[in-house]
Amino acid sequence: MEKYRIDQSKGMEFGLYSIGDHLLNPHAGERISAQQRIQEIIEAGKLADEAGLDVFAVGESHQEHFATQAHTVILGAVAQATKNIKIASSATVLSVSDPVRVYEDFSTLDLISNGRAEIVAGRGSRVGAYDLLGYDVRDYEELFEEKLELLMKINDEEKVTWEGQFRAPLTNAKVLPQPENGHLPIWRAVGGPPGSAIKAGYAGIPMMLTTLGGAAINFKPSVDAYREAAKQSGFDPATLPIATTSLFYTAENSQDAMREFYPHLNVGMSFLRGAGYPKQQFAQAIDYRDALMVGSPQQIIEKMHHQYELYGQQRFLAEIDFGGVPFEKIAKNIELIATEIMPAVKKFTAK
Amino acid sequence: MKVVLLAGSNVGSKTRTAMDYTLKIANEKYPEVEFTLLDLAEYDMVFSDGRNYWEYEGDTKYVTETIMAADALIIGTPTFQASIPATLKNIFDLLPVNAFRDKIVGTLVTAGTSKHYLMVEQQLKPILAYMKAQIVQTYVFIEEKDFYRKEIVNDDVLFRIERLVEDTVDLTETYAKIQEAKDAMYDF
């Protein structure tokens, strides 16, 4: 775990992530400007750092309703504004980028932040980036696998010689600058089903698994498949960290949490997926066995306890800014995480 | 209440003829309801490529958005090779997985032979159920001999169409009430 800068004696890492959605706040019926949205993300990173959270991550999506296309630039600003918190992507759509440039960006981030940068590489659950940046969605799988291989090679080798289908070959190429300790933590972003989890396991790459909602146990097969695949490839699963991520909203009591959050979730989903979040399912989400993180701090702690028993993960990232949640509520969530939830979670996960 | 009548084929005339009758009966019986007939023969649809439905352009965007905005659908389909035509399947492929959640879907089917009577049960209803439709269980089955020169000549078929329209509208109203009662149970 040291290779990935994770110290299990301190308990599960707790962090925040944003996908950078830029949607209206349904309570107010208004959308803030892209400028304000970006500045508030940086501000949330600062608050999270001051509150002692472990990780702050920002992802990219290249289409309407998003504001963080240039996520590495935003992460640069977060790195400059913070002191201790780890800085990661959530995720970097590696398929549409040059792994050399991605590595250059993140090792620069690592130097700016004094060794706090990490890459989370994904394929993207939205396809806007492919059209815009000139890639064919039909190469969805191969684009990613090839580029991830190259990215890992750059991370492991000082001089890279490589040849592939989607990028010009490299001969004894030095990718500079090098990160602070010569190595970056690189994670594979995995959606719900086990297919992608197994690929992460085969390659022995840490996995960041999204558990957006529904019964938490539905995601256990992906966790098991990941560890099994890692074992088959000769890796020790005990050395490979797993992170899980979920939509998250907490308030002093569960009624307030549900009342305040539902419109953000419902309207946000209808913008991004074309259908809202059914009330019936949302009513079930308060149960400790449901992966959607909504409720009072005590209920969230119970959910974390249940999920830790299921997955034994090393890191949890909360998405607290989805669907136009206003900044004062984002700040309130950070406060409740830092003062009530995170200390309790660290207590029962410290090794 | 918005109801879309979808004629699911780009060729032939029987399904369109039956849907014209359906539209006429529907408008006479329920002037307060907004019925829209979409005949896929009149639209230039592209094949689904995995995009979100609102990210298409032109007719594809119009047809899918009109369907998604409806409270109920009456799908008219011919029978091709013991199944629904590709044009209709493409509509389903263009829409999200839970596209028919909270929507009532009624069905009318035309076929060259009575031997296709169970096609809707075996081919269409499983798709509708997967997409979370509230299905009007009884459908109207119309075969070759019920038509004569683009007219329906079997009174029983006309009565059945009338009942299909009634059932679809009644179930849509009822379902809205169920939904309202359910939503009232929740504190958010």
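**Note on a predicted two-chain model**

1. Of the 188 residues of chain B, 35% count as buried. The structure under review is a predicted model, so every value below is computed from predicted coordinates.

2. Chain B has five helices and eight strands. Following the sequence, these elements come in the order β-α-β-α-β-α-β-α-β-β-β-β-α.

3. The overall dimensions of chain B can be checked against a simple rule. For 188 residues, a compact globule would have a radius of gyration near 16 Å, and chain B agrees because its own value is 16 Å. Along the principal axes, the C-alpha atoms of chain B fill a box of roughly 55 × 35 × 30 Å. Among contacts in chain B with a separation of 6 or more, 78% are between residues 24 or more positions apart.

4. Chain A contains 11 helices and 12 strands. Its 351 residues would give a radius of gyration near 20 Å if they formed a compact globule; the value for chain A is 19 Å, which agrees. The C-alpha trace of chain A spans about 60 × 45 × 40 Å along its principal axes.

5. In chain A, buried residues make up 49% of the 351 residues. Of the contacts in chain A between residues at least 6 apart in sequence, 75% join residues at least 24 apart.

6. How many residues of chain B are in contact with chain A? There are 14, and they are in contact with 14 residues of chain A. On the chain B side, the residues that touch chain A are six nonpolar, three polar and five charged.

7. Two helix pairs in chain A deserve a look. Helix α10 (residues 297-311) of chain A packs against helix α11 (residues 327-349) of chain A at an angle of about 30°, with the axes 10 Å apart. Because angles under 35 degrees count as roughly parallel, α10(A) is roughly parallel to α11(A). The crossing of these two helices, α10(A) and α11(A), is right-handed.

8. Which residues make the contact between α10(A) and α11(A)? From α10(A) come P297(A), I300(A), I301(A), M304(A), H305(A) and Y308(A). They meet L336(A), E340(A), I341(A), A344(A), V345(A), F348(A) and T349(A) in α11(A). By type, the residues of this contact are 10 nonpolar, two polar and one charged.

9. The other pair is helix α2 (residues 71-81) of chain A and α3(A), whose axes come within 9 Å and cross at roughly 10°. These helices, α2(A) and α3(A), are therefore also roughly parallel to each other. In α2(A), T72(A), L75(A), G76(A), A79(A) and Q80(A) meet D105(A), L109(A) and I112(A) in α3(A). The residues of this contact divide into four nonpolar, three polar and one charged.

10. Is G115(A) buried or exposed? G115(A) lies in the loop between α3 (99-112) and β5 (117-122) of chain A. A residue with 12 or fewer C-beta neighbours within 10 Å counts as exposed, and G115(A) has 12, so G115(A) is exposed.

11. G115(A) still has partners from elsewhere in the sequence. Leaving out residues up to four places away in sequence, G115(A) touches D110(A), E180(A) and N181(A). The C-alpha atoms of G115(A) and K86(A) are 8.3 Å apart in space, while these residues are 29 residues apart in sequence.

Terms used: Residues numbered from 1 in each chain as written. Chains lettered and ligands numbered in written order. Predicted model: local features only at pLDDT ≥ 70, side-chain atom pairs only at ≥ 80, totals over all residues. Helix = DSSP H or I, 4+ residues; strand = E, 2+ residues; numbered from the N terminus. Rg over C-alpha atoms; globule rule 2.2 N^0.38 Å. Buried ≥ 20, exposed ≤ 12 C-beta atoms within 10 Å, placed from the backbone. Contact = placed C-beta atoms within 7 Å. Nonpolar A, V, L, I, M, F, W, Y, C, P; charged D, E, K, R; others polar. Axes fitted to C-alpha atoms, helices over the stretch in contact; angles between N-to-C directions. Parallel < 35°, antiparallel > 145°, perpendicular 65-115°, else oblique. Left-handed = near helix turned anticlockwise from the far one by under 90°.
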